[in-house]
Each structure stands twice: as structure tokens, then as C-alpha cells.
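Biologist: Can we go through this one together? I'd like to start with the backbone and then move on to the strands.

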Amino acid sequence: MTYRNFKLCTISLGLGAGMLAVSSGTWAAGFALLEQNVSGLGNAYAGQAASAQDASTIFFNPAGMTLLPDRQVVLSTNGIKPSATFSNTASTAATGRGLVTPNGGDAGDWALVPALYAAFAITSDLRVGIGVNAPFGLKTEYDTPWTGQYQAIKSELDTININPSIAYRVNSVVSLGAGVNWQRAKAELSQAVIFNPALANGSAKVEGDSDAWGYNLGALFQLGDDMRIGVAYRSHIKQDLEGTVSFARPFPVPNAGAARDGPVSASLDLPDTASVSVFQRFGDKWDLMGDITWTHWSRFKDLTVVRGDGAHEVLETQVENWDDTWRISLGLNYHASQQLTLRFGTSYDQSPVPDANRTARIPDNDRLWGAIGLQYAFTPGLLLDVGYAHLFVRKSSINQPNPVSAGGSLVGNYDNSVDIVGVQLTWSF
């Protein structure tokens with residue numbers, strides 16, 4: 001097989017999974033980020049659509065702003081460290097190559113996920129606010145050479161979401177909220193490429209970005225002094241990524257034909273979510289929170305990548321057929337004193353990835369959260385939250401063929417886990 005017969009569709013960086021799916025570097029199931037505050041981290045994000053503990057409710061349920069002080073600013077950051085290690089069991093060598101035996105090291109790395117929120121009272125019943133956060137993304141990168149280098153080396157996705165919101169207290173029971181979301185996405189993906197079995201390996205890299213709009217809605221029901229229920233919905237956002245593909249080519253492969261550098265594009269739907277949460281206070285010491293969240297991951301059926309030069313050549317259509325998922329969580333607060341609150345939480349978080357579709361870019365599986373945290377009030381208007389969570393991820397198997405141009409397969413197991421630590425300041429003035 002020569003470079004002239006080389007088909008980009010067979011090596012297109014796993015774009016079917018990779019252009020948005022970097023989930024071994026993301027921390028909710030799939031590739032979403034729950035870590036939009038730290039005040040919820042210690043509760044494993046249980047009850048976030050009902051707790052309305054601070055201005056981060058703009059993301060989880062904007063209706064909760066009606067319970068906040070007249071002016072509040074929240075600044076949080078989570079440090080997230082995933083671990084994703086591959087163990088080979090029965091991988092086969094690429095065409096004309098011996099089996100590459102290194103396992104790629106730990107594909108996870110530390111990442112910071114910051115967020116900023118501000119909420120203000122217009123009247124006693126009308127509130128406005130804005131949130132700036134990162135709802136999807138992060139990064140995985142394997143040490144090279146490694147057994148699965150023809151499927152993935154680096155996968156990085158960064159997003160920023162700006163979310164102006166409004167909330168209105170209809171009466172003593174019902175509050176309603178809504179927000180508009182402008183979201184920017186940027187992706188980078190790379191993998192090794194065989195242009196010809198007689199030549200040295202090359203590599204390919206895709207970079208792309210886009211921006212798009214969505215919305216979120218929420219309602220909060222105050223059922224007495226000690227109980228409230230929240231419902232929230234975040235819309236899907238369709239990103240039409242545009243960017244370039246570039247190749248590191250061994251001599252004598254030219255920048256021409258199917259292996260030429262040039263523009264590419266891909267469309268994808270980021271999933272919508274719906275949540276129902278409950279918050280219940282027991283006396284002066286205890287709060288109990290629970291929630292169930294549905295994520296519409298079945299929107300991700302496939303991804304088609306095309307050249308951007310007007311020829312509309314299909315590079316690859318990768319069938320994914322992800323499943324919709326449920327997340328169930330429980331949280332508990334203990335108010336030890338007027339200054340100190342202790343937080344505890346757990347959650348079961350389904351993965352959307354069918355076993356047959358697991359790839360080196362997304363060795364995802366179901367996970368169980370264990371979380372603790374605390375809040376300390378320096379003054380009634382200045383609060384510090386810290387939290388920690390460990391995610392126990394179910395061991396994952398993988399059995400995927402390499403691109404046709406490379407041949408061979410990646411067969412083995414993944415051991416995954418995630419650690420999250422965060423800090424947050426809340427200022428009411």
C-alpha cells in the first residue's frame with residue numbers, strides 16, 4: 001500500500017469518537033464536567049437543582065437565585081487528576097511492524113476547572129446573574145511509542161460557557177429561572193500513521209474550534225420551611241467544528257493527495273440533561289439531599305468528518321451509538337457550629353459507552369463517587385468551601401481494530417480512577 005492509495009478516512013484520528021470524546025480526561029460519565037462549584041463537591045453534587053446554596057445555582061438551576069442574598073460572587077476551582085492505565089492482553093501488530101509493547105503510561109494528567117458566578121437582586125422577587133464555566137473537556141495523552149498509538153496519542157478538548165440568567169419568585173412556593181448559554185469549544189487530536197509498511201511511522205493531528213448557543217431552564221418549589229424540590233433542564237448544543245488536519249510525513253511522502261494538510265470540519269451534538277433534586281432540612285444540624293439526572297447521550301450516534309475545500313469528501317463516519325444515562329446521588333450536611341458545616345456524599349454514575357464501542361480515546365465505564373467537604377464562615381458574608389472526591393471506575397475491556405491503513409488491533413483492559421480536590425470562596429455583600 002503506497003501513500004497514493006492511503007485513505008485519510010482510515011486514520012482520521014478516531015474523529016468519530018475523538019473530536020468530542022476525550023472522556024478518560026473527563027469526570028462525569030461520557031465527557032461532561034459536573035465540577036461547576038466546590039460547595040457541591042463534598043456532597044458528590046447531590047441535590048444541586050434544589051440546594052441553591054450559592055450563585056453556582058445559575059448552572060444547576062437558575063431559579064435558585066431567588067433564595068440568595070441580594071449580591072453574591074462565587075469563585076471556585078477544581079483540580080482533577082484522572083488515572084487511565086492500559087494493560088495489553090491480546091493486541092496484534094500493525095502491518096509490517098512488530099507489536100509495540102509499551103502500554104502508554106498513565107494517560108491522565110492534572111487539570112484545573114475554574115468557575116465564576118455573580119448574582120444580583122433587581123427587586124425582592126427578580127434576580128439576574130451570570131456564570132462562566134467549562135461544562136465539557138479536559139485531556140488525555142499517552143507516552144509514545146505505545147500499543148495503541150495508531151488509535152490515539154493525544155486527545156484534548158477545552159470549552160468555555162458563558163451563561164447569563166434570570167429568576168423570578170412567582171409566589172412563596174414557586175420560583176422560575178432561565179438562562180442563555182454561549183459556548184466555545186476547541187479540540188486537538190493526534191495519532192500515529194502508517195503511510196507505507198516500508199516507511200517509518202508518521203503522525204497526524206487534527207485541530208478545530210467552534211462556538212454555539214443553548215439554553216437552560218429551572219423551577220424551584222418551596223414545600224414548607226425545610227423542604228424544597230428543584231427541576232432543571234440544560235439544552236443540547238450543536239457544535240460545528242472547523243479546523244485543519246496536518247501530517248508529519250516520512251520521506252518521500254509528499255503533502256499531496258489524501259495525505260495533504262488542509263481544512264476539515266465535523267458537526268456534533270453535546271447532550272441535553274434533565275434533573276430532579278430534593279433538599280430536606282432536619283432541625284438545626286442536618287440537611288439531606290438527593291437527585292437523579294438523565295443525560296441524552298444517545299444523540300451521539302456517529303460523527304462524519306469532511307474536507308473543507310468544497311469537495312465534501314467524507315473522511316470517516318464512526319458509529320458510536322451511545323446510550324442515555326442516569327446519575328443517582330445522595331448527600332448529607334452536618335452543621336457542626338454557626339461557622340462550620342461538614343459535607344458527605346456518594347453517587348452512582350452510568351457510562352454511556354457500550355462495551356463494544358470503547359476506544360483508546362474513551363475507555364469509559366460506570367463509576368461510584370465517594371466525597372467529603374467542609375464550609376467555614378469567616379463572616380456571614382465570606383465563606384470558604386473545600387472538598388475532595390474519589391471516583392471508583394469499573395475496570396474496562398477494549399477490543400478495537402486499528403485503522404485499515406495500519407492493520408492490527410488493540411485488545412486489553414483499562415484500570416481507571418479519578419481524584420478531585422477543590423476550593424471555593426463565596427462573597428455576599
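Modeller: Let's start with Ala44, which sits in the loop between helix 1 (15–18) and helix 2 (48–51). Keep in mind that this is a predicted model.

Biologist: What is phi of Ala44 near?

Modeller: Phi of Ala44 is near 55°, a positive value in a residue other than glycine. Most residues other than glycine have a negative phi.

Biologist: Is Ala44 buried or exposed?

Modeller: Ala44 is buried, because its relative accessible area is 0%, and the cut-off for buried is under 20%.

Biologist: And Ala52, where does that lie?

Modeller: Ala52 is in the loop between helix 2 and helix 3 (57–60). Ala52 has a positive phi of about 45° and is not a glycine. With a relative accessible area of 8%, Ala52 is buried.

Biologist: Switching to peptide bonds. Which bond is cis, with omega near -5°?

Modeller: That is the bond from Thr144 to Pro145. Pro145 is in the loop between strand 4 (138–141) and strand 5 (154–169). A cis peptide bond also joins Phe251 and Pro252, with omega about 15°. Pro252 is in the loop between strand 9 (237–248) and strand 10 (262–270).

Biologist: On to strand 5. How many bridges join strand 3 to strand 5?

Modeller: Eight, and strand 3 (residues 126–133) runs antiparallel to strand 5. Within that pairing, Val132 stands opposite Ile162 in strand 5.

Biologist: What about strand 4 and strand 5?

Modeller: Four bridges join strand 4 to strand 5, again antiparallel. Leu138 stands opposite Leu157 in strand 5.

Biologist: And strand 6, over how many bridges does that pair with strand 5?

Modeller: Strand 6 (residues 174–193) pairs with strand 5 over 14 bridges, in the antiparallel sense. Ala167 stands opposite Gly177 in strand 6. Strand 5 and strand 6 form a hairpin, with four residues between them.

Biologist: Last topic, Thr341. Which strand is Thr341 found in?

Modeller: Thr341 is in strand 16 (residues 340–349).

Biologist: Why does Thr341 count as buried?

Modeller: Thr341 is buried because its relative accessible area is 7%, and buried means under 20%.

Biologist: Which side chain does the side chain of Thr341 join in a polar contact?

Modeller: The side chain of His335, at 3.0 Å. Leaving aside neighbours within four places in sequence, Thr341 is in contact with Asn333, Tyr334, His335, Gly373, Leu374 and Gln375.

Definitions and conventions: Residues numbered from 1 in each chain as written. Predicted model: local features only at pLDDT ≥ 70, side-chain atom pairs only at ≥ 80, totals over all residues. Heavy atoms only, no water. Helix = DSSP H or I, 4+ residues; strand = E, 2+ residues; numbered from the N terminus. Buried < 20%, exposed > 50% of the residue type's maximum accessible area, 1.4 Å probe, protein only. Polar contact = N/O pair within 3.5 Å; in protein donor to acceptor, adjacent residues only side chain to side chain. Contact = heavy atoms within 4.5 Å. Pairing = 2+ DSSP bridges.
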